[in-house]
Amino acid sequence: MKLHTIHHVAIICSDYQKTKHFYTTILGLEAVSENYRAQRKSFKLDLALPSGVLLEILSFPEAPRRPSYPEACGLRHLAFGVSDLNAAMSHLEEHGVKVEPVRIDEHTGKRFTFFPDPDGLPLELYEDVDSEI
C-alpha cells in the first residue's frame with residue numbers, strides 16, 4: 001500500500017450554522033457540497049482547501065464534547081499552512097477569534113500559533129513561505 005495524500009479530515013460540530021460560518025466566512029474555505037441527511041438528522045458540508053484536501057463538517061444531535069484540550073486520544077489538532085502568519089492572525093482577531101501568542105518550532109525554526117474553532121477544536125497556523133493563504 002502506498003498512501004499519497006490526505007483526502008479529507010472530518011470534524012463533528014455542535015452548532016452547524018456557526019461552524020459553517022467560521023470555516024467558510026472567517027477561514028475562507030470553499031464549500032463544494034452541502035447535504036442534509038434526514039435519516040441521521042445530520043448536515044454534511046464538504047469544504048476544499050486550495051491543495052484539494054477536503055474538510056468535512058458534520059453535525060449530529062447530542063454529539064459528546066471533546067474530553068480534554070488538546071491531549072485527548074485521537075486527532076490532536078488540524079494545522080493549516082500560511083505564507084504570512086501575522087496577516088492571518090490579524091484576520092482572525094478582526095473576526096473576534098482569540099489567537100495564542102506565536103511560538104517557534106524548535107526543529108524547523110518556523111513560526112506557528114493556535115486558535116480554536118467554535119467547538120474548541122485546536123487549529124494551528126503554521127508559517128510556510130511556500131503556502132498560499
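Which residue in the hairpin of β3 and β4 takes a positive phi? Select the five residues between the strands, and there Gly-52 has a positive phi near 100 degrees. The model is predicted, so to speak of local features requires pLDDT of at least 70, side-chain atom pairs count only at pLDDT 80 or more, and totals for chains, interfaces and linings use all residues. Residues are numbered from 1 along each chain as its sequence is written, and side-chain values use heavy atoms, with hydrogens and water left out.

Next, select β4 (54-59); helices (H or I, at least four residues) and strands (E, at least two) are DSSP runs, numbered from the N terminus. Six of the six residues of β4 are buried, so this strand is largely enclosed by the rest of the structure, where buried means under 20% relative accessible area with a 1.4 Å probe, protein chains only. Leu-54, Glu-56 and Leu-58 point one way, while Leu-55, Ile-57 and Ser-59 point the other way.

β1 runs parallel to β4 and is joined to it by six bridges, with Ile-12 opposite Leu-58; β3 runs antiparallel, through five bridges, with Leu-45 opposite Ile-57.

Finally, select Leu-55, Ile-57 and Leu-123, which are among the residues that touch the most other members of the largest nonpolar core, a set of 25 residues. Such a core consists of buried Ala, Val, Leu, Ile, Met, Phe, Trp, Tyr and Cys residues joined through side-chain atoms within 4.5 Å.

Note on methods. Buried means under 20% relative accessible area, exposed over 50%, partly exposed in between (1.4 Å probe, protein chains only). Two strands pair if DSSP finds at least two bridges between them.
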